[in-house]
Amino acid sequence: NRSCFTTKTPILTDSGYQSIDDIHPRKDAIAYFDNSQKIKFNHDYSVIFQGKKDDVFLITLDSGKTMELTSDHEVMTQSGYKKVKDLTDDDSLVIPD
């Protein structure tokens, strides 16, 4: 499963939030949600620059924080994983503290 973030988007790691540019595969574990919406950490990933994308969405959370994600990136909602392009105003994202 491949996910696409912009370089500015903070990613939760086992050392706290870091930008894509600052994380190192197999050194920093990145967070993900399992199917029961519990946070897990994974060291087995790679960071691949895929060039500039035209389908970037800016998501603004209730807290005012923002995330820039491509349309095919999956996020955890209260009803499970959904692609960003399929989100509606009725969806509630599950966000780690």
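These are my notebook entries on one predicted model.

**Ground rules.** I am working with a predicted model, where local features need pLDDT of at least 70, side-chain atom pairs count only at pLDDT 80 or more, and totals for chains, interfaces and linings use all residues. Residues are numbered from 1 along each chain as its sequence is written, and side-chain values use heavy atoms, with hydrogens and water left out.

**Confidence.** I looked up pLDDT, the predictor's confidence in each residue from 0 to 100. The chain has a mean of 79, and 84% of its residues reach 70 or more. Strand β8 (residues 80-83) scores highest, at a mean of 90, while strand β3 (residues 30-33) is lowest, at 77.

**Elements.** I found eight strands and zero helices, with strands being DSSP runs of E of at least two residues and helices runs of H or I of at least four, numbered from the N terminus. The order from the N terminus is β-β-β-β-β-β-β-β.

Of the 97 residues in the chain, 32% are buried, meaning under 20% relative accessible area with a 1.4 Å probe, protein chains only. I then checked contacts (heavy atoms within 4.5 Å). Among those with a separation of 6 or more, 32% join residues 24 or more positions apart.

**A look at T70.** I picked T70, which lies in strand β6 (residues 66-70). T70 counts as buried because its relative accessibility is 3%. Its side chain makes a polar contact of 2.7 Å with the side chain of D72; such a contact is a pair of N or O atoms within 3.5 Å, where one must be able to donate a hydrogen and the other to accept it.

How values were computed
Buried < 20%, exposed > 50% of the residue type's maximum accessible area, 1.4 Å probe, protein only.
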